[in-house]
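Colleague: I'm new to this one. Could you walk me through how to read it?

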Amino acid sequence: MSKGMSGLGAMLAGDEKATTQNLLSKLVGKYQTAAEQMKALPLFRETEQLHRGYYQYFSDARQLFSDYLRVQSNLFAMDEATGKPVAGLLMGRKQNLEQLDMNNKALDEQLRQQFNIPPYRY
């Protein structure tokens with residue numbers, strides 16, 4: 001997995017490449033479903049910022065893993081918006097996604113304290 005996420009995944013061969021592509025495809029589907037479900041939920045004023053933050057996270061994650069999958073097939077894939085190689089943009093986008101995740105978790109914690117809501121138990 002770490003090899004696939006490093007941006008060098010297109011150089012993987014055989015079973016390892018197929019496994020990585022399968023995993024990435026599943027992640028794309030997972031985040032697509034999560035974004036669709038989040039979009040379908042009603043917005044409430046008190047949690048609107050968190051709702052939008054999680055929708056953005058799911059959408060951005062879906063696109064990130066989709067682009068990792070693109071790089072698996074073509075190491076030289078270009079980003080249509082910037083004209084730059086997708087592989088060169090992945091690490092920065094991954095870091096942005098991690099920052100968004102941290103911001104969402106901090107806002108979630110703040111809202112739970114404000115409205116006295118216990119943490120979700122899995």
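Colleague: Let's start with Y31: does Y31 count as buried or exposed?

Modeller: Buried, because Y31 has 11% relative accessibility. The cut-offs are under 20% relative accessible area for buried, over 50% for exposed, and partly exposed in between, using a 1.4 Å probe and protein chains only. Before we go on: this is a predicted model, where local features need pLDDT of at least 70, side-chain atom pairs count only at pLDDT 80 or more, and totals for chains, interfaces and linings use all residues. Residues are numbered from 1 along each chain as its sequence is written, and side-chain values use heavy atoms, with hydrogens and water left out.

Colleague: How do I read aromatic pairs, and how many aromatic pairs does the structure hold?

Modeller: A pair of aromatic rings is described by the distance of the centres and the angle of the planes. Rings of Phe, Tyr and Trp (its six-membered ring) pair if their centres lie within 6.5 Å; planes under 30 degrees apart are stacked, over 60 edge-to-face, and the rest tilted. The structure holds 7 such pairs. Take Y31 and Y57: their ring centres are 6.1 Å apart and the planes sit at 75 degrees, so this pair is edge-to-face. The pair links distant parts of the chain, with Y31 in helix α2 and Y57 in helix α3, 26 residues apart. (Helices are DSSP runs of H or I, at least four residues, and strands are runs of E, at least two, numbered from the N terminus.) Y57 is buried too, at a relative accessible area of 14%.

Colleague: What about F65 and Y68: at what angle are the planes of their rings?

Modeller: At 35 degrees, with centres 6.2 Å apart, so that pair is tilted. An α-helix has 3.6 residues a turn, so residues three or four places apart point the same way. F65 and Y68 both lie in helix α3, 3 residues apart, about one turn of the helix. Both F65 and Y68 are buried. Ring pairs also link Y31, Y54, Y57, F58, F65 and Y68 into a cluster.

Colleague: Which residues does L100 touch, leaving out those up to four places away in sequence?

Modeller: Contact means heavy atoms within 4.5 Å. On that basis L100 touches G53, Q56, Y57 and D60. L100 itself is in helix α4 and is buried, with a relative accessible area of 14%. The buried residues of α4 include L97, L100 and N104, and α3 is part of what covers the buried residues of α4.

Colleague: And pockets? What is the volume of the largest pocket?

Modeller: Rolling a probe the size of a water molecule over the atoms shows where empty space is left. On a 1 Å grid over the protein atoms alone, a cavity is a set of points where a 1.4 Å probe fits but cannot get out; a pocket is an open set with protein on both sides within 12 Å along at least five of seven lines, and lining residues have an atom within 4 Å of a point. Points are joined across faces, edges and corners, and the volume is the space filled by probe spheres set on them. Here the largest pocket has a volume of about 460 Å³. Of its 16 lining residues, the closest to its centre are Y54, F58, D108, Y120 and Y122. The largest share of that lining, 5 residues, comes from α2.
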